[in-house]
Amino acid sequence: MAIDIYKINPEFRDIMPQEIIDLEEKATWAQNQDKPRGIKELPQSKELLEEHSLCAGCPEAAALRYVLSALPKPEETIIVNSTGCTSLMFPHIALHTVHSLFGNQNAVATGIKRVLDWRFPDTEKDVVVLAGDGATVDIGLDYTLQSFFRQENITTICFDNEVYANTGGQESGATPKGQVFKMAPTGKKFDKVPMWKLATTSGCHYSINMTASAPKAVAKAVREAILVAREIGPTFLNIYTPCILEIGLSANEGLGEMKEQDKDRFESYKYISPEAEEFLAKCKEEGRL
Amino acid sequence: MSKITDMTDTHNWSGQRLVTADELLFEAPREKHFMTGSEVLKEAVKRCTVDASVSYPITPQSEAAHLIGELWAEGYVGTYFRGENEFGVMSEVAGCAMAGARTITTTSGPGTLRAMENFAQWSGTRIPCQLILMARGINSPLTIQPDNLEVSYMLETGCQIWYAENVQELFDMSIAAFVVAEKPDVHVPIITVVDGFFVSHTREAVMLPADDIALFPYEPYKSPLPPIDSETPPGRFLRDPFVMKSNYISYATHASWQFEIRSAVERSRPYAEHFLDGLVHTTGSEDAEIAFVTCGTASHQAKEAERELMKLGIKSKVIKLRTIRPFPEEELITALEGVKHIFVPEFNVVGWLEKEVKKALYKKTEADIVGGPRVAGGMSMPAEAIIKEVMEKINPGKGA
Ligand SMILES: Cc1ncc(C[n+]2csc(CCOP(=O)(O)OP(=O)(O)O)c2C)c(N)n1
Ligand code: SF4
């Protein structure tokens, strides 16, 4: 794909907000095609507009920026997302993204990936799914797991805020047991679904449970997961991005909440299959990581 | 397995010579075969340079879906796999078509309803994929014969809807469907319907062109929306600040887009007229005062009734609708000139075709419209039932 992935029509350029011009000029896209990209470039670059429509301080916005900075080949990457707060960010980035329905993200991604492999046999095109926990663990669980079973070459990232945020705070499968939320008026009745473990047993070659508190760690996991998905098979990242609105925190408290949970419920879980391990070691040797 | 890189300017990846739709549909010599609807669908797909197909089993169409799989194994179809369920399959079809593939799938009543949310999403994203819908009963108790109720649910999804009567029409229509759906000024998905079981499972004589020719491939860069393949800058679809965040923008965007989809379906008329040789086919006596307005296998039964009525000295005609979306209103009105009684025999209990016909003819005809007979699925429609309906109308109290 051309490096000109995002071009403003010259006739509209003089009425464009500076932010959008920055997105065209300062996205990190192809600047470092041979070297790994990463969060170190974020201060100078532009991946996501500040004027997105998430709540101020929502950790999902920061986490998406880390994800975008770590894509190995953004100009050849397609992100498939789902209905929810996450989908509100996608109009504000300069990448091919697909919003289809609520929960069918892994099925749509399967179709896209299979066709891109058919149409472009000599180009590596990455397909990444990014959706909330409601979309991944509840309504879309079937499609998520089946794409793992079928060994689709896609990376699935769940922004786990432990709630249906976009519809105003209902319990999801990822909500911890006992939590009172709308539709769980006496507290949630069953344990948080350990999606990262399901991913491991369902065929993922790389599965992680983490928070978005450490940008470098998120970026590393994203990069590794995408490379493994490209070469070996499905990969999964569960990233805690708390909904500060629904748990009653203010805009500057998201990071603290994630750090707190790092030590507790989101103590790191990481599974790498032997083939993936071997492949990642090779990538490291070749300077791809 | 085939490779897309084996494609040349003159031949597709499986070595078939590339021809225009006109050559394939009208000019190439044909030979007689004896086949079921499922088998003939395989033959149609074989001649369409299809990039992708996703399948899920269901009766009555399961044979068709697996026969497309055989085609893939033989190297005629680019990519093929079995999805997890119909909602998954229709989502996978969406992904395949968004990524720039000529894509086909097939299902039946229950699968259609399970996947329902996808069809409006298909038209909303303007993908030109094709669903072959082999209609089958959906109400309990279970039946694999058509009550074609699911077609009624599909009518307002924004997709084009065509209806084939028999095995021959299924072959020709499913080829023409790709061609029309992919026209840049149309570019909306198409649902090609047949009555399952009667068409999918019955063997009929069918005229087929040779299988060493096939349609030119789909050209995704003629799409009104850029394909999702990272080869061109992303389109503006859903790229502006999320439309839902402003009621006014949301209204303006959503409404104008929905009207645009429906306009695109309207723009398909001249193409459909050419490739289907007219949106309606009329048989019987031109000067008849009795007309049957039908689609699918009800047309076949109505033609039988027309022949029986003729023996009794009663002239009638059968106006078979081949497209339901767009609805061939003008053609229908023309075909109904001089008609006094209109009958709409249907395979479903709700009478969706009667509603369509009445809506189109409101204040445009003096004739009275009888919504019947209806067999409500689970059986064929006996010509006697149609004749009885006519006799009770024109010869009240005396019956057939
Ligand atoms: C079939 C269907 N059911 C319900 C909804 C309503 N809906 C929209 S967003 C959403 C919640 C999304 O939750 P999650 O995936 O956890 O993402 P979050 O908003 O928390 O980021 C729901 C239920 C829908 N759009 N479609
Ligand atoms: S509702 Fe919650 S998840 Fe959604 S944007 Fe606001 S803080 Fe973020």
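This is a predicted model: local features need pLDDT of at least 70, side-chain atom pairs count only at pLDDT 80 or more; totals for chains, interfaces and linings use all residues.
Let me begin with ligand 2, around which the residues, counted when one of their heavy atoms lies within 4 Å, are Leu54(A), Cys55(A), Cys58(A), Cys85(A), Asn161(A), Ala165(A), Cys243(A), Ile244(A) and Leu245(A). By class, that shell has eight nonpolar, one polar and no charged residues, where Ala, Val, Leu, Ile, Met, Phe, Trp, Tyr, Cys and Pro count as nonpolar, Asp, Glu, Lys and Arg as charged, and the others, Gly among them, as polar.

Residues are numbered from 1 along each chain as written, chains are lettered from A and ligands numbered from 1 in the order written, and side-chain values use heavy atoms, with hydrogens and water left out.

The model scores ipTM 0.95 and pTM 0.96.

Turning to ligand 1, this one lies between chains A and B, and of the 18 residues around it, Cys85(A), Gly134(A), Ala135(A), Asn161(A) and Ala165(A) come nearest. The shell of ligand 1 has seven nonpolar, eight polar and three charged residues.

Which backbone atoms lie by an oxygen atom of ligand 1? A backbone N or O atom of Gly134(A) is 2.8 Å from such an oxygen, and one of Ala165(A) is 2.9 Å from an oxygen of the ligand. From the side chain of Glu60(A), an N or O atom is 3.2 Å from an oxygen atom of ligand 1.

How values were computed. A polar contact is a pair of N or O atoms within 3.5 Å; within protein, one must be able to donate a hydrogen and the other to accept it, and residues adjacent in sequence count only if both atoms are side-chain atoms.
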